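Hello,

Here is the structure you asked about, ready for you to open. Have a look at it first, and then read on for what I found.

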Amino acid sequence: MSEAALERQIRPIYDALDHGSNKSAINASNKVLKKYPNNTLVKALKALALTRSQKVEEALVICDEILAAVVTDDSTLSVMTHVLKGLARNSDMVAMFDNAFKQQPQSEELGAQTFFAHVRTGNWKSCQQVATRMHKQFQEDRYVYWAVIGAILQANELGTPPNFRTLLYKLAHRHVTSCPTPSYMAVDRFHLHLIILQELQLWDEANTLLESDVGKSICSASIVCSEARREIWRQRGLYKDEGERAQEKIKNNDRNWLEFVSVIDAAFAPVQGSDISAEGKSECSENIAKTRVFLTEIAEVDGSNNRSASLALLELEKNAFSHGISSDENTLVGLMESYFSQFGDRACCFEDLQPHVNLGADAKSRWISFLGSQEPSFATTGDLQRVINVRKLQRISLIASDLSTDKELSLASKYIEEYMAGLELGTALPVTDIQPADDLAILVGHAFVSLWTMSQEESYLYNAAVVLEFALTKSRMSFQIRLLLVRIYRLLGASSLALEHYRAINIKQVQNDTLSHFLLTRASTFSLSATGDLTYPSECIESSQIYVSNSQDTPDFIIRAFTSEKYSQIPEFVSFDDKLENSLQRDVVKLEHVRMRMTHEPINSDLIDMELIELKFVFDRFHHDNRDFGMLPNYQPACQPSLNDQTLMFGNSTGQGWLWYFIKIYIRAFQHASDLDDIVEEKLLIGDRPKKSPEPEVRLPLRERLAIRKPEEAAELTADELQLMEWATAVGDWLEPYHDHTRPPPAVVLAEANKQNELRTGLPLRGVDLKALNGDANANGHAKKDEDAPPVKEAPQLVAQFFEHMHARFVQLQQSQCRPSDLLHVATLTQEAFLLFAVETHRFKTASVVKIHKLGALVQSLKDIRSKASAVLKTMSNDLLKMSEVTGSAERRKSFVEACRPIMDSPRLHHDFVLNIAKNVGESRKKVLEGVGKGMVKICANYQ
């Protein structure tokens, strides 16, 4: 049949796939395959439809057939790329293109696709080798630079030894210098050449490049090349030359801040290093005087049009004082006063002056007096911004003696009064605009959070919430106000309100990685998954979509950068991909989702095996902390913790240490309950394993790694979480011998998996050779073993009494009138321990296991502990349900309104508005207390 006729028959398969009709695509493929059973393109299309239909085992069989055939046509390779990406078999994709390129070594397109396949896997060593081969074959200059960037990226990997890193850069240098076309023919090639010379410290060669007419022209037009040139000059110690060049550029109206930095660095060049002589200080003093004159002249010319020179003067005086060249801070204060007078009506003024307010006693007194002398005016938005900057600068300058309940209440009243006055300037703004007075409302929040920190009286958080909620009625797009409300409502235990404000921010793309910690840190405390409310688990899944899109899209961006020779962008894309792929927040959210999932789904072998494998992958990663805490503004005094630290629920965040502690709990529990060992896991794993961290600890046996405890990691846990960790360790130590004894051998597990796969798909398990399995494969998995079962021991005291201890802790918190979030923390940790106990004892639910291995006494002991735990959970549940009724009562709403009397002097913060906020907070707290309480009862019923 002609090619056109075959294409007509294949077209319906493509159409079905394009419309998402996978079943139709499979049927259409089967029809064509009856006529052309060896057509690899149709097989690949069928494999793609099967993959999208989640029929993985059937797709794998077809993939193996196609890979064994060594295909070379573009259409089949393109389809197979999608199939193998969907199956996470990147190594097979690389092998497929490698084999195709070997079959047709004259095909430049196949060579490029082979290179890009290695790019997708991040195998930079292979990239360098393929690119070198392509240059020899096709004599194309760009392949030299593909090899160069491949060597550089390999050198920059975490696991590359320092001596090998140098060797790779030397290899890259040899590639560049041996290329027939000089690097200055393209900007990105020139930049690549510069960073190689910088790394190898080949200063003479770098100077020759940079001082050439072409080099000067490129650096003047390219920002990345200019930055590389500047860094090279700094490393050579040419601060003076760089400063002179920067002065010339500034005189020619270049206001790039980096040029001003170069001027300042040149002034302090004589005092760089550890050995500073008197001559050096004298020279530096002369340089400072000259630089001060120069910057003053520029500042006078620029006036209020540009603040770069004025900022540079501040930085110059600050450095002079820190280096001991100047001992008089009054000069700095004078410059600060001048700067404020000139730029105080700009929003950036506070951030510009904040680094300079750490002054001595006399200078600070003068500065505070200056701020106090500023008369507040609300005539224009510029005047309002000046008032806001004064209040921010005054607040961060407060000392411990200035902080008392009365003074903070007075400040809060002043902020509210000025906020209400400032609102008049924004009456005509559209609803999508932010009010110019918003920062004053945020300052009110700061004052009340400070009061709560000092007194631990919840009423101050009520006041903060009311003022901030009112501010949102005027400025609904203010994300900073909403983030502060998210923190406050989590402290109050009003989790649904926190979720509402978080969603209103409309977080998108990479913000899910940097900002989701505001809501999802210890989100299982407020999860109602046990009652069927999957709001928080769904939020975890939604926030994790960025990692899926990153793994799919970023490699494509890297490939586009290669094809367009944008080499300066490639390391940034690679770094971005690595930071998202190995994000700390990604795996914290993953663990939170596991904790919630266990309250909703039945604990069975499928859940245990899946989560065990995924958590072991997480445990092997080197994490990057991409969380952004700076989005929450901080105007608290320097003598207090930052607003971020003050509003953290339970006083600390979930960092690397917290993740490691909890992941060790779950991996060990799942490992005990699972029949998977390393042999079985290797056979059953479909996709590629993620890259492991280069840390030496990762190379230790898993059992040893799980036993490691580090004080700095424990510091990130609350006292109750530490108690859970100790209990889980004790349970694991107690039950581990019985798990090891009763676990069936790998051959039996694989035989059972093969049997189940045949029942489900009609196909044997891929990669499992039944003939090679031992005779044990035909035996019952729970057959009696030759050695005797370990003697049954009584439960350790910590294990037996843990739930009573947690109940006592719960009662203690109740009696102390603590916040609902603290009670929920203890209650949900107790519930979590109950579920972990269900996981640890999952193996001993089977009567045949207990009978064969004579574990009746152990099972009885487990029943006793489970019974006590269930009784404790039911008691806690009753208490939470009673609290929920009280929390949502009219009396609580009335007390909420009474607590807000300090702010109700303002006519706009009237009784009805405050009562509505009180009602919302009460209902939200009632919902979570009631939901967690009912969920605990349901969990007890499921695992009696």
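Predicted model: local features only at pLDDT ≥ 70, side-chain atom pairs only at ≥ 80, totals over all residues.

Let me start at one residue: Ala412 is buried, at 1% relative accessibility. Ala412 belongs to helix 23, which covers residues 405–423. Setting aside neighbours within four places in sequence, Ala412 touches Val444, Ala447 and Phe448. For a sense of distance across the protein, Ala412 and Ala707 are separated by 295 residues in sequence and by 50 Å in space, C-alpha to C-alpha.

**The whole protein**

Stepping back, the protein has 47 helices and 0 strands. Its C-alpha atoms fill a box of roughly 90 × 85 × 60 Å along the principal axes. Of its 944 residues, 52% count as buried. Among contacts with a separation of 6 or more, 74% are between residues 24 or more positions apart.

Another pair that shows the span is Glu65 and Asp265, which are 200 residues apart in sequence and 65 Å apart in space, again C-alpha to C-alpha. Glu65 sits in helix 4, residues 56–69, and it is partly exposed at 40% relative accessibility.

**The nonpolar cores**

In soluble globular proteins, nonpolar side chains tend to be buried together. Which residues touch the most other members of the largest nonpolar core here? That core has 174 residues, and the ones in question are Trp367, Tyr489, Tyr666, Phe670 and Trp727. Apart from it there is another core, of 74 residues, which includes Val32, Leu41, Leu45 and Leu200.

Beyond its neighbours within four places in sequence, its contacts are Ala465, Glu469, Ala494, Ser495, Leu497, Ala498, His501, Ile917 and Val921.

Is Arg595 buried or exposed? Its relative accessibility is 8%, and because the cut-off for buried is under 20%, Arg595 counts as buried. Leaving out neighbours within four places in sequence, Arg595 is in contact with Ser524, Trp658, Phe662, Tyr666, Leu829 and Glu832.

Ala471 and Ala437 lie 34 residues apart in sequence, with 9.2 Å between their C-alpha atoms.

**Helices 12 and 13**

Two packed helices are described by the angle between their axes and the distance between the axes. For helix 12 (residues 203–211) and helix 13 (residues 213–221), the angle is about 75 degrees and the axes are 4 Å apart. Helix 12 is therefore roughly perpendicular to helix 13. On the helix 12 side, Leu209, Leu210 and Glu211 take part in the contact, and they meet Asp213, Gly215, Lys216 and Cys219 of helix 13. Sorted by class, this contact has 3 nonpolar, 1 polar and 3 charged residues.

**Loops with a positive phi**

Gln139 has a phi near 55 degrees, a positive value. It lies in the loop between helix 8 (124–138) and helix 9 (141–155), and it is exposed, with a relative accessible area of 55%. Glu565 has a positive phi too, near 60 degrees. It is found in the loop between helix 31 (545–563) and helix 32 (570–581).

**Cysteines**

A disulfide is a covalent bond between the sulfur atoms of two cysteines. How many disulfides does the structure hold? The number is 0. Among the cysteines, Cys284 is buried, with a relative accessible area of 0%, and Cys940 is buried at 0% relative accessibility too.

Best wishes

Technical notes
Residues numbered from 1 in each chain as written. Heavy atoms only, no water. Axes fitted to C-alpha atoms, helices over the stretch in contact; angles between N-to-C directions. Helix = DSSP H or I, 4+ residues; strand = E, 2+ residues; numbered from the N terminus. Parallel < 35°, antiparallel > 145°, perpendicular 65-115°, else oblique. Contact = heavy atoms within 4.5 Å. Nonpolar A, V, L, I, M, F, W, Y, C, P; charged D, E, K, R; others polar. Disulfide = S-S within 2.5 Å. Buried < 20%, exposed > 50% of the residue type's maximum accessible area, 1.4 Å probe, protein only. Core = buried A, V, L, I, M, F, W, Y, C linked by side-chain atoms within 4.5 Å.
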